Amino acid sequence: MIETIAMQLILSITPCCKRFLKILLVVTFLIAMSCSFAIAQQPQPSTVHSSDKDFDQNNYINIIATALTFLQPRTLDEHSIEQLCLWGLNGLNAIDPAFSIKEERGQLNLYKAQKLLYSTPIPPSADNIKLWSQSVINIWYNAWQNSNTIQSIGKQAIIQAFFDELFDHMDPYSRYVAPSSAVTDRDIRDGGDASAGISLIKQGNYFIISSINPNGPSWETQLMVGQRLYAVDGKKTAKQSLDTVKKWLRGKENTTISLTVSMASNKKTKTVRIKRASVPPATVFAFTSNNIVMLKITSFSTDTAEEISQYLDQAMQDMKIKGLIIDLRGNRGGVLQQAITSAALLLDNGIAATTQGRFDDANHIWAVQGGDLTQGIPIVILVDGHTASAAEILAAALSDHKRAVIVGSTTLGKGLVQTIAQLPDEGELFVTWSRVLAPLGWPLQGLGVMPQLCTSRGEQFIKKQLDSLKTPTPFYKDSVVSSRKARAPLDAKIIQNIRSACPAALGTDADLDIANMLILKPTLYKQLLNFIPSE
């Protein structure tokens with residue numbers, strides 16, 4: 001249309017002017033084509049596939065800014081905000097492989113299948129949380145608008161992928177927990193649903209009380225371990241599933257529940273009324289056999305040390321107690337302070353552990369002072385390849401102070417401590433911020449706790465160890481001493497060499513048999529205590 005009008009004008013004017021206008025027309029056409037090409041090369045506004053209301057940018061900026069503010073001073077190694085964001089943004093590629101993020105000529109560019117979708121200037125400061133958070137969300141928004149894959153999987157997946165990719169560059173334990181799971185985890189840590197505070201197992205057609213939480217409402221009632229549970233609030237448990245009966249036991253805080261129970265040897269039943277209460281699940285289970293107490297500790301929650309204390313108080317009222325076995329096999333850890341407090345129940349004084357990190361609050365010397373509740377009776381701790389974190393801290397503390405003999409296999413070796421932050425979306429960040437050193441100064445991370453008596457190499461090796469205790473130089477002692485004299489940083493080959501003396505493995509029945517034997521043979525017990533070097 002423009003060319004047609006121009007030609008009509010040219011035909012109506014003089015030849016000289018015609019030549020001038022022809023040149024002008026050609027130049028104008030070339031300029032127009034050049035502008036069109038330049039416009040085509042610029043990142044185009046995103047094609048909107050969904051409503052902007054579906055993507056609350058301010059909300060996501062708040063989440064990322066809060067996370068970055070928490071992360072920057074606390075990570076075990078120092079990283080700039082820029083580096084954290086670039087790591088996290090690569091999470092888009094994990095959701096939709098067509099996406100890539102590149103830093104080019106001062107710009108942060110979002111590509112999809114090599115096509116530039118969005119470009120924004122790289123913030124002038126590598127640690128400007130506000131600008132980097134805005135840049136992250138701008139890129140998220142453009143990726144969201146241009147990917148059916150991302151829209152179908154949901155916005156929560158973008159957040160998860162961001163933190164998954166970020167933490168993949170840091171350590172094995174830092175992580176982001178989405179709001180739905182985080183709320184459940186917090187409820188468990190804080191006590192969860194109100195309940196009667198008992199655990200049940202099903203034997204044949206009967207429901208048996210297998211344990212009573214010492215911090216729960218049933219502890220000081222007539223309920224006892226081993227009783228059969230026949231009814232809950234008048235509803236018979238017969239023919240019900242275990243999950244159904246457990247649901248009956250739960251309810252609102254301070255509501256009353258009636259339990260009809262009897263002993264297996266007594267046909268008479270009795271009804272016990274209890275007010276439900278919110279308490280963390282029981283983590284300590286006690287058994288007594290041949291005047292030896294065994295505490296099975298499954299994890300370290302907010303009440304674990306209190307549970308241990310109550311069981312020990314009860315057990316020590318029996319003056320015939322010969323020893324204590326603490327079973328930490330399969331215990332993946334939990335709250336560090338609970339491991340320290342548990343150690344304080346069995347040590348007169350001393351350092352239980354040391355934590356070291358960049359953040360001031362991450363550095364701590366965990367010293368205990370109070371008194372050994374067991375009055376010095378022999379203690380044997382059972383560990384295996386799944387014993388980790390807080391459980392390793394307790395084992396190392398008692399072992400290094402020559403207060404317990406460790407039996408089993410080398411433990412997992414998780415000597416990193418996490419701190420928790422709650423984000424505006426009610427999700428949580430678990431961020432590694434310190435390393436743990438045992439009382440004698442060796443690192444738990446990677447190395448783990450080597451037992452004084454190894455059971456993971458079979459019966460012949462156990463016999464060889466016990467026989468060598470009769471000699472002046474037990475052959476396995478050098479391996480234990482080497483593990484206690486190790487100092488960070490440790491090369492992976494050195495760690496592997498030390499751990500190979502007693503490979504990590506699952507616990508067996510032999511562990512418990514040996515623990516009982518050591519308590520009943522004080523000479524062997526003392527010899528193994530002396531495997532640990534002095535400070």
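The model is predicted. Its protein chain holds 18 helices and 20 strands. Of the chain's 535 residues, 48% count as buried. Among contacts between residues at least 6 apart in sequence, 68% join residues that are at least 24 apart.

Strand β11 covers residues 284-289 and strand β12 covers residues 292-297; the two pair in the antiparallel sense, over six bridges. Together β11 and β12 form a hairpin, with two residues between them. One of the residues in the turn, Asn290, has a positive phi of about 55 degrees. Two pairs of facing residues can be named here: Ser289 stands opposite Ile292, and Ala286 stands opposite Leu295.

Strand β12 is also joined to strand β13 (residues 323-327), by five bridges, and these two strands run parallel. Because five of the six residues of β12 are buried, this strand is largely enclosed by the rest of the structure.

Met294 lies in strand β12, and its bridge partner in β13 is Ile325. Is Met294 buried or exposed? Its relative accessible area is 16%, and the cut-off for a buried residue is under 20%, so Met294 counts as buried. Leaving aside neighbours within four places in sequence, Met294 is in contact with Phe285, Ala286, Phe287, Ile325, Asp327 and Leu512. Leu324 is 30 residues away from Met294 along the chain, yet the C-alpha atoms of the two are separated by 5.8 Å.

Helix α10 spans residues 242-249, and its residues Val245, Trp248 and Leu249 are buried. These three are on the same side of α10, because they cover an arc of only 100 degrees around the axis. Asp243 and Lys247 are exposed on the other side of α10. What do the buried residues of α10 pack against? Their partners are the strands β5 (198-203), β6 (206-212), β7 (228-232), β8 (235-236) and β9 (256-262).

Helix α14 runs over residues 459-468, and its buried residues are Phe461, Ile462, Gln465, Leu466 and Ser468. Their arc around the axis is only 165 degrees, so they are on the same side of α14. Glu459 and Gln460 are exposed, on the face of α14 turned away from the buried side. The elements covering the buried residues of α14 include β20 (453-454) and α17 (509-520).

**Pocket and cavity**

Rolling a probe the size of a water molecule over the atoms shows where empty space is left.

| Space | Volume | Residue classes in the lining |
|---|---|---|
| Largest pocket | about 980 Å³ | 16 nonpolar, 13 polar, six charged residues |
| Largest cavity | about 40 Å³ | five nonpolar, three polar, no charged residues |

The largest pocket has about 980 Å³ of space. Of the 35 residues lining this pocket, Gly334, Val335, Leu336, Ile420 and Phe430 are the closest to its centre. Which elements each supply at least two residues of the lining of the largest pocket? They are the helices α9 (179-190), α12 (336-344) and α13 (390-400), along with the strands β15 (364-369), β18 (416-422) and β19 (428-437). Strand β18 gives the largest share of this lining, with five residues.

The structure holds one cavity of 30 Å³ or more. The residues that line the largest cavity are Gln452, Leu453, Gln465, Ser468, Leu469, Tyr476, Leu528 and Phe531.

Definitions and conventions:
Residues numbered from 1 in each chain as written. Predicted model: local features only at pLDDT ≥ 70, side-chain atom pairs only at ≥ 80, totals over all residues. Heavy atoms only, no water. 1 Å grid on protein atoms, 1.4 Å probe; cavity = no way out; pocket = protein on both sides within 12 Å on 5 of 7 lines; lining within 4 Å. Points joined across faces, edges and corners; volume = space filled by probe spheres on them. Helix = DSSP H or I, 4+ residues; strand = E, 2+ residues; numbered from the N terminus. Nonpolar A, V, L, I, M, F, W, Y, C, P; charged D, E, K, R; others polar. Buried < 20%, exposed > 50% of the residue type's maximum accessible area, 1.4 Å probe, protein only. Arc of directions from axis to C-beta. Contact = heavy atoms within 4.5 Å. Pairing = 2+ DSSP bridges.
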